[in-house]
Amino acid sequence: MGDMASGEYKDLECCIEERPDGFYVVRGDKAIGPYDTLLLPETERRKIAEELSVTEEEVKKALLSYVPSKEPEPDVIDIRLDEVRAELHGKKVRVKARIVGMSDPMAIPRFLKINCECGYGDVIDLLDERELITLRHYLFDRKKLGRRLCSCGRIGRLVEQENEMLDCTIIHGLDIAYERFGETRPLRIYLVGARLPRGVREAEFIGHVIRDRNNKLIILAREGRPLHEVRYEPTDEDKSLFKRYFQELKPEELLHVIDRSICPEIVGRPEAKLAAALTLHSPLAFYFEGKLIRGYITCLFLGDTTTGKTTIILWIFRNLGLGFFGRGDLTSEVGLTGAIDPESNIIIWGLLVLADGQITFIDRCVSTVS
Ligand SMILES: [Zn+2]
């Protein structure tokens with residue numbers, strides 16, 4: 001901020017600094033201001049010169065030589081969640097994450113203020129990207145927050161302002177490539193100043209890679225949005241199309257239509273596909289003789305390799321965009337049900353919990369760990 005553009009003015013007794021709030025101060029051995037403009041009248045320039053014990057000429061030079069240093073917006077790097085590594089520390093990244101755990105929302109103050117003798121201590125906005133380190137210290141290392149130079153030149157302690165609060169949620173995210181479920185550990189994303197609606201399974205975050213209090217890398221995000229609608233609701237068009245294609249069909253024809261609709265590249269497995277279709281269409285629960293009973297079908301494909309078991313479920317998962325996919329040989333019981341992250345005390349949901357009310361595809365089920 002306020003760096004001199006070239007060596008030419010390096011030896012000036014004073015210089016101009018732009019503060020994060022857009023105001024300017026003239027800095028010598030202390031800072032004078034703030035000003036909202038650099039077109040200062042002569043009386044003001046004289047006052048500054050006196051305060052800083054420099055000549056009026058020096059003040060004038062500083063004002064004239066000031067080059068606004070608008071830092072270009074840092075580029076956002078698109079990465080996979082499991083690519084977060086030390087090299088990306090401090091970088092701004094965009095990730096897509098499958099949410100496997102979320103803390104209760106917390107509230108932190110948006111503004112900190114320098115508790116300064118001048119009575120007008122500078123206000124620090126934790127949402128300002130230039131205050132990333134301050135926000136990091138506020139969350140993980142309050143001791144380092146410490147004292148800070150006020151634009152008046154004095155030093156004051158940072159105190160919280162209670163007038164505006166920010167949402168802060170800790171989210172555990174996994175890479176959205178389902179095929180790797182169980183291979184990678186969740187990464188923590190601190191979402192500050194934004195909130196995700198409840199029930200979101202996948203979301204995109206933009207934030208910075210930083211260290212938490214244990215030097216583990218996390219993402220400190222200020223933006224987060226769901227990747228898609230939470231649940232599927234059939235439209236009127238869907239309903240009429242369904243009637244047109246399926247209502248008039250006889251059972252023998254239905255088998256053929258399903259065989260040609262689901263994973264058409266696999267031939268000779270119409271029964272497996274019928275079983276898949278029935279499973280997908282089974283109700284979660286229904287009333288039978290006055291009692292609510294389980295309605296959903298559990299379907300197990302058994303067979304030699306290369307009989308299309310994996311191909312059929314992956315086709316449904318990818319092409320119909322339904323449910324959750326995991327590999328039994330990579331997923332422990334904990335991966336299926338859930339566990340508590342000891343560091344943040346957040347429950348990390350397993351595959352079956354994530355797919356509550358939806359469908360879970362577990363490939364290589366027999367080799368589930370433990
Ligand atoms: Zn002050």
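Reply: The C-alpha centres of domain 1 and domain 3 lie 69 Å apart. Please bear in mind that this is a predicted model. The chain is divided into domain 1 (7-65), domain 2 (77-226) and domain 3 (236-367).

Me: Which residues touch the most other members of the largest nonpolar core?

Reply: In soluble globular proteins, nonpolar side chains tend to be buried together. Here the largest nonpolar core has 65 residues, and those touching the most other members are Val26, Ala97, Ile189, Tyr190, Phe205, Ile219 and Leu220. Strand β5 (residues 92-102) supplies the largest share of this core, six residues. Phenylalanine 205 has contacts beyond its neighbours within four places in sequence, among them Val95, Ala97, Ile189 and Ile219.

Me: Is helix α6 largely in the open or largely buried?

Reply: Helix α6 (residues 251-261) lies largely in the open, because the number buried among its 11 residues is one. Just after α6, cysteine 263 takes a positive phi of about 40°.

Me: Where is glutamate 131 found, and what does it touch?

Reply: Glutamate 131 is in the loop between β8 (123-125) and α3 (132-140). Apart from residues up to four places away in sequence, glutamate 131 touches Pro20, Ile124, Asp125 and Leu126.

Me: Why does glutamate 131 count as partly exposed?

Reply: A residue is buried if 20 or more other C-beta atoms lie within 10 Å of its own, and exposed if 12 or fewer do. Glutamate 131 has 16 C-beta neighbours inside 10 Å, so it counts as partly exposed.

Terms used:
Residues numbered from 1 in each chain as written. Predicted model: local features only at pLDDT ≥ 70, side-chain atom pairs only at ≥ 80, totals over all residues. Helix = DSSP H or I, 4+ residues; strand = E, 2+ residues; numbered from the N terminus. Domains from an automatic or database assignment. Core = buried A, V, L, I, M, F, W, Y, C linked by C-beta atoms within 7 Å. Contact = placed C-beta atoms within 7 Å.
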